[in-house]
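Let's walk through this protein together, from the whole chain down to single residues. Keep the sequence and the 3D view side by side as you read.

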Amino acid sequence: MELWYTEKQTPSHGITSKIKRTLHHEQTEFQKLDIIETEQFGKMMVLDGMVMTTDEDEFVYHEMITHIAMNTHPNPKHVLVVGGGDGGAIREILRYSSVEKAVLAEIDGKVIEAAQNYFPQIAGGLSDPRVEIQVTDGIRHIAENKNKYDVILVDSTEPVGPAVGLFQKSFYEGIKEALKEDGIMVAQTESPWFNRDLIRRVFRDISATFPITRLYTASIPTYPSGLWSFTIGSKKYDPLEVDESQLQSFDTRYYHPGLHKSVFQLPVFVQELLTDKGE
C-alpha cells in the first residue's frame, strides 16, 4: 500500500508527497511535530501539518533568509535568529568570520532536538562555540535586549499558534530597539499567491518602523505555491546599494553575489502588493 503525506496549504489547495516511513511523531508543549521520510524530498520536518524543512530544498530558504542581510551589513558581529530551531539560518550565519555570537531564540526545544537527531547537515552549527541557544519566547527575548544586535532574522512558522505575535507591528518596533543604530532585520513573509493580505500588512508595518524596507522572493518547492517572500527592514544600509564586487561569496547552492540585487526585481503582481492599501 502506498503512503502519501498531504499538506492542505489553503482550504482548496494542497501538495502531496509519497512517503517511505514516519521517523518521529510527538505532541510538544506548543505543536505537533513529525519527521517523515519522503521519496522526492528526503526527510521532511512537519509542524502542525505544515512543511518546515526538507533535506532537498532547505538550502534555498536558509541561504535566502540569511545572506541578503548578512552581506548587506558591513560588519555583522552579533546576530539573533528568532525561531529557526532547525539550525539552518545559524549554519549560514556562521559562514561570516565577523560573527562573534549567534543567538538562537526558539520557543520549542523539541524542534531543536529533532533537528539535531534527524537533520545533522542543517543543525550541525548549533554546537559551534559562537552559538548561544535559548529555549525561550522570541518576543520576550527581543523585549529584554536593547541595542544589542547587528542583524535579526525572524525565522518563524506560518502565522498560527505560537508564531502569531511574530507578525505584529509591535514586534517589529521591538526589533528596531533591539538592533544597533545600523542594524538590519529580515522576516519570512509567506507566499505572494496565498498570503497577499499578510504581505501588504507586514510591508506596511515594517515600512512604518524602518527607513529602508524591501521585499524579495525565492523559489522553494515545498512551501505553499513555491514562491516565497522575505521582507527586510534596515536602519541604514540598503541592499540595493551594495557594491556587488565587495560581497562575500561562499560555497552556497542558491545565493551568490550576482543574485543579491536581482531578487528584488519583483513580478508586477507582487509589486502591486506593496502599494495596494487593501486589507
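A residue counts as buried when its relative accessible area is under 20%, as exposed when that area is over 50%, and as partly exposed in between (1.4 Å probe, protein chains only). Please bear in mind that this is a predicted model, in which local features need pLDDT of at least 70 and side-chain atom pairs count only at pLDDT 80 or more, while totals for chains, interfaces and linings use all residues. Residues are numbered from 1 along each chain as its sequence is written, and side-chain values use heavy atoms, with hydrogens and water left out.

Let's begin with the overall fold. The protein chain has eight helices and 12 strands; these are DSSP runs numbered from the N terminus, with helices being H or I of at least four residues and strands being E of at least two. The radius of gyration is 18 Å, close to the 19 Å that the globule rule gives for 279 residues, so the chain is as compact as a globular protein of that length. Here the radius is taken over C-alpha atoms, and the rule is 2.2 Å times the number of residues to the power 0.38. Along the principal axes, the C-alpha atoms fill a box of roughly 55 × 45 × 35 Å.

How much of the chain is buried? Buried residues account for 57% of the 279 residues. Next come the contacts, meaning heavy atoms within 4.5 Å. Of the contacts between residues at least 6 apart in sequence, 66% join residues at least 24 apart.

Now for the charges. Lys and Arg count as positive and Asp and Glu as negative, while His and the chain ends are not counted. The place of each charge is taken as NZ of Lys, CZ of Arg, CG of Asp or CD of Glu. The mean positions of the 28 positive and 41 negative charges are 3 Å apart.

Side chains of opposite charge can pair when their charged atoms come close. A salt bridge is a side-chain nitrogen of Lys or Arg within 4 Å of a carboxyl oxygen of Asp or Glu, and by this rule the count comes to 14. One of them joins Arg 21 and Glu 37, whose closest N and O atoms are 2.6 Å apart. Arg 21 sits in strand 2 (residues 13–27) and Glu 37 in strand 3 (residues 32–38), so the pair ties together parts that are 16 residues apart in sequence. Arg 21 is partly exposed, with a relative accessible area of 47%, whereas Glu 37 is buried at 17%.

Another salt bridge pairs Glu 58 with Arg 91, and the closest N and O atoms are 2.9 Å apart. Glu 58 belongs to helix 1 (residues 58–72) and Arg 91 to helix 2 (residues 88–93), so to speak two distant parts of the chain, 33 residues apart. Both Glu 58 and Arg 91 are buried.

A further salt bridge runs between Glu 177 and Lys 146, with 2.8 Å between the closest N and O atoms. Glu 177 lies in helix 6 (residues 169–178) and Lys 146 in the loop between helix 5 (138–144) and strand 9 (149–155), so this pair ties together parts that are 31 residues apart in sequence. Glu 177 is partly exposed at 46% relative accessibility, and Lys 146 is partly exposed at 45%. Salt bridges that share partners also join Glu 58, Arg 91, Glu 92 and Arg 95 into one network.

Let's turn to two single residues. Gln 116 lies in helix 3 (residues 109–118) and is partly exposed, with a relative accessible area of 41%. Not counting residues up to four places away in sequence, Gln 116 touches Ala 123 and Leu 126. Thr 189 is found in the loop between strand 10 (179–188) and helix 7 (196–209) and is buried, with a relative accessible area of 0%. With the neighbors up to four places away again left out, Thr 189 touches Leu 198, Ile 199, Val 202, Leu 215, Ser 229, Phe 230 and Thr 231.

Finally, look at the backbone of two loop residues. Asp 48, in the loop between strand 4 (42–47) and strand 5 (50–54), has a phi near 50°, a positive value in a residue other than glycine. Asn 147, in the loop between helix 5 and strand 9, has a positive phi of about 50° although it is not a glycine.
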